[in-house]
Amino acid sequence: HDFSKGQGFARWFSWLGRARLATHRSTAREELMGYFDGLTSGSFKTTQDGRRLFFPWGYLGRGYVLASDSDAERLRRQLKIYYIVMLVAIVATSGFHAFIAAAAVAGACIVFYAIWARRQVAGLQPAGEAMSFRESSASQARAFGGRALWLLEICSLLFVAGGIFMYVADPTNRPMALFSIIFFGCCAASIGYMIAVRRRAPSPP
């Protein structure tokens, strides 16, 4: 009887462990998708009269009026796939210390995006209003969420610290160290601004 009870407890703990692991995996997957949702949200804007606008180059470029909500969702989905593929390709290439190849991959991704964006906006009506840097940051901040923003901020600062350490300790890798300091320093500044905007901005209706 005691042996059967022990087996029951073992099965129960085993099931509990699997359930917690599945929950953690689901949460991690949702947070990862939330990251890409945050990236794509900076390219879209909803006006006060309900129009959906698409800004292929964010606040740096012109906006276009989308015909329907389904068009907006289609573009969001395609943009998310593009960001995922680009990130995987660049990380996979740079993981082998082939930084020139990684830069070439990044350049190819930008050219592909420019061609794709031009095709998507062909025939669309240009929007009569622009998107400000603050609006783009606020939209991205809402999509990321506070927890993800703070996690990204901490990771960016750690990469900056790692770049500084590499610059001092390994003179042969100073170009890579400078790249890490500048790139992730800009990321930390941008994310810090989004955190500040999110705290000040009212909740969307």
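The model is predicted. The chain has 205 residues, and 27% of them count as buried. Its secondary structure comes to six helices and four strands. Among contacts with a separation of 6 or more, 68% join residues 24 or more positions apart.

**Fold and surface area**

- Along the sequence, the elements follow the pattern α-β-β-β-α-α-β-α-α-α.

**Nonpolar cores**

- In soluble globular proteins, nonpolar side chains tend to be buried together.
- The largest nonpolar core here has 15 residues. Phe44, Phe54, Leu66, Leu75, Leu79, Tyr113 and Trp116 have the most contacts inside it.
- Helices α2 (69-94) and α3 (99-121) each supply at least two residues of this core.
- Another core, of six residues, lies apart from the largest one. Ala141, Leu149, Ile191 and Met194 are among its members.
- Tyr113 is in contact with Phe54, Pro56, Trp57, Leu79 and Tyr82, leaving aside neighbours within four places in sequence.

**Aromatic pairs**

- The count of aromatic pairs comes to eleven.
- One of them joins Phe183 and Phe184, with ring centres 5.0 Å apart. Their planes stand at 85 degrees, so the pair is edge-to-face.
- Phe183 is partly exposed, at 40% relative accessible area.
- Ring pairs also build a cluster from Phe44, Phe54, Trp57, Tyr82, Tyr83, Phe112, Tyr113 and Trp116.
- Phe44, Phe54, Tyr113 and Trp116 belong both to this cluster and to the residues with the most contacts inside the largest core.

**Nonpolar surface patch**

- Trp57, Tyr59, Leu60, Ile110 and Phe133 make a nonpolar surface patch of about 550 Å².
- Leu60 sits in the loop between β2 (52-54) and β3 (64-65). Its relative accessibility is 71%, so Leu60 counts as exposed.
- Leu60 and Met131 are 71 residues apart in sequence, yet their C-alpha atoms are 8.2 Å apart in space.
- Phe133 belongs to helix α4 (residues 133-144). Phe133 is partly exposed, with a relative accessible area of 35%.

**Salt bridges**

- Side chains of opposite charge can pair when their charged atoms come close.
- The chain has six salt bridges.
- Glu129 and Lys45 form one of them, at 2.8 Å from N to O. Glu129 lies in the loop between β4 (125-126) and α4, and Lys45 lies in strand β1 (residues 44-46), so the pair ties together parts 84 residues apart in sequence.
- Lys45 counts as buried at 13% relative accessibility, because the cut-off is under 20%. Glu129 is partly exposed at 32%.
- Lys45 also bridges to Glu135, with the closest N and O atoms 3.2 Å apart. Glu135 is in helix α4, so this pair ties strand β1 to a part 90 residues away in sequence. Glu135 is partly exposed at 34%.
- Asp69 and Arg52 meet in a salt bridge of 3.8 Å, N to O. This pair links helix α2 and strand β2, with the two residues 17 apart. Asp69 is partly exposed at 46%, and Arg52 is partly exposed at 24%.
- Shared partners join Lys45, Asp49, Arg51, Glu129 and Glu135 into one salt-bridge network.

Key:
Residues numbered from 1 in each chain as written. Predicted model: local features only at pLDDT ≥ 70, side-chain atom pairs only at ≥ 80, totals over all residues. Heavy atoms only, no water. Core = buried A, V, L, I, M, F, W, Y, C linked by side-chain atoms within 4.5 Å. Buried < 20%, exposed > 50% of the residue type's maximum accessible area, 1.4 Å probe, protein only. Contact = heavy atoms within 4.5 Å. Patch = residues over 30% accessible without salt bridge, like charges linked within 9 Å, V, L, I, M, F, W, Y side chains within 5 Å. Areas by Shrake-Rupley, 256 points an atom, 1.4 Å probe, with all protein chains shown as cover. Salt bridge = Lys/Arg side-chain N within 4 Å of Asp/Glu carboxyl O. Phe/Tyr/Trp six-rings, centres within 6.5 Å; stacked < 30°, edge-to-face > 60°.
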